[in-house]
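Please take a moment with the sequence and the model below before reading on.

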Amino acid sequence: MDVAIVGMGYVGVTTAATLAHIGHRVYGLDIDVGRIELLSRGKAPFYEPHLDELLARNLERMHFTTDYGEAIPRADVVFIAVGTPSLPDGRPDLRYVEEAAREIGRHLNAERFTLVINKSTVPIGSGNWVEAHIRRSFSETHGEANGRFAVASNPEFLREGSAVSDSLYPDRIVVGADDPRAREILRKLYAPLVAQDFSPPESVPRPEHVQTVPYVETDTATAELVKYAANAFLALKISFINEIAALAEKVGADIRDVARGIGLDRRIGTSFLQAGVGWGGSCFPKDTAAILATGEEYGLKMPIVAAAREVNFAQRKKVVEKLLGELKIIKGKTIGLLGLSFKPNTDDLRDAPAYDIARELLEKGAFVRAYDPVAIPRAQREWNLDIEYRKSVLDVARGADALVLVTEWKEFTELDWTEVARVMRTPVLIDGRNALPGKVVQEAGLRYIGFGVPAHFPAYERVAELR
């Protein structure tokens, strides 16, 4: 099939590479000329493990352009994968979706049926809204639509840092369509992924447990709600364990063993039960705000989701509170941040906890240093903060009064902490992800402070079993 994808961000580029890999011809479209030039050379415009390899391997089936007229008329299927950032009131900003819908309507091939798929995360009911914009633009250019297109929903569930694996071997594929022709096209489009009968790339082998992929077919509004509900629930799990971690600190319990004890219940599961500085990124903050705004439109309060957001953003302030508890005075002290991206294996800084932590430390008069394996160039471009960026962990630690582990990069979890402690002025470490072996860190000479973790560490201490 010929597939056009409007928007070459994380979702758009990964979707393009995946669909090309399973045999489709893909036209990637974006208004950013520099981004298109990079993609045309097989280079992703952001850091994502294995994505460059997948692009380069399938480049002969891919074409990138800034011209709607070059991509849309050829396509059997058109994806909308543009950004939907939050507005100040929490509602998603749909201006890019609207612009894409209008341009698609102007350039659709009037001689055949085309399926337009919403891949962007949009409010419930947006399928009708997108269809109306496409129909209006189509009629202005071609006359009446007369069944020449349909709109479907196909939410994405990619995790940045493992987006290639999540695209090739997804937990499920969810599609929402009200038109029988749309359903048939979607089944054909995703047949190789569902059957898993394609050759996997060497760098991202197929997991042994993946033989087929569940395919969930529903109506458009339900598919749109699935996306919001999934992200809201995962956000709830993280905020829940952080709230329990606060209680664990009061009573002297170990939140890591609490998480293990409840996570082994199959009804609960072990994932997303890591206490720490909380969630960030492009999805959880935006989507929880959007589902609250949608509820308000219908006069519905959603106190559980609202509480999850409140708990989460309080976690960032707790880092500074813990530093004040150890150092007593922050003004004039040097604090090092290990990690800037909102999670490992990505350079994405959207709503990253490191930003709020650094900003509050700077407001309190501290000097802030930072190191991240991949995200520093992006931070220098996007953050207007007086942070001193260093080239290594030891460079950050040298003469520092405290360190804060903000992002659990593998490089950090495998450090020689004895060397780190030796070069610090005051060997204090706040483990913002409970990712480190506290006993080992303390024996190396550092004062270790986690979230919901007691000051003493038993011989059986476990870390990373839930990761």
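What follows begins with how the model is read and then turns to individual residues.

This is a predicted model, in which local features need pLDDT of at least 70 and side-chain atom pairs count only at pLDDT 80 or more, while totals for chains, interfaces and linings use all residues. Residues are numbered from 1 along each chain as its sequence is written, and side-chain values use heavy atoms, with hydrogens and water left out.

With a salt bridge taken as a side-chain nitrogen of Lys or Arg within 4 Å of a carboxyl oxygen of Asp or Glu, the count comes to 35 salt bridges. One of them pairs D351 with R316, whose closest N and O atoms are 3.5 Å apart. This pair links distant parts of the chain, 35 residues apart, since D351 sits in the loop between β9 (334-338) and α13 (353-363) and R316 in helix α12 (residues 303-327); helices (H or I, at least four residues) and strands (E, at least two) are DSSP runs, numbered from the N terminus. R316 is buried at 2% relative accessibility, whereas D351 is partly exposed at 30%, where buried means under 20% relative accessible area, exposed over 50%, and partly exposed in between (1.4 Å probe, protein chains only).

Another salt bridge joins R378 to D347, with the closest N and O atoms 3.2 Å apart. R378 belongs to helix α14 (residues 376-382) and D347 to the loop between β9 and α13, so the pair ties together parts that are 31 residues apart in sequence. Both R378 and D347 are buried.
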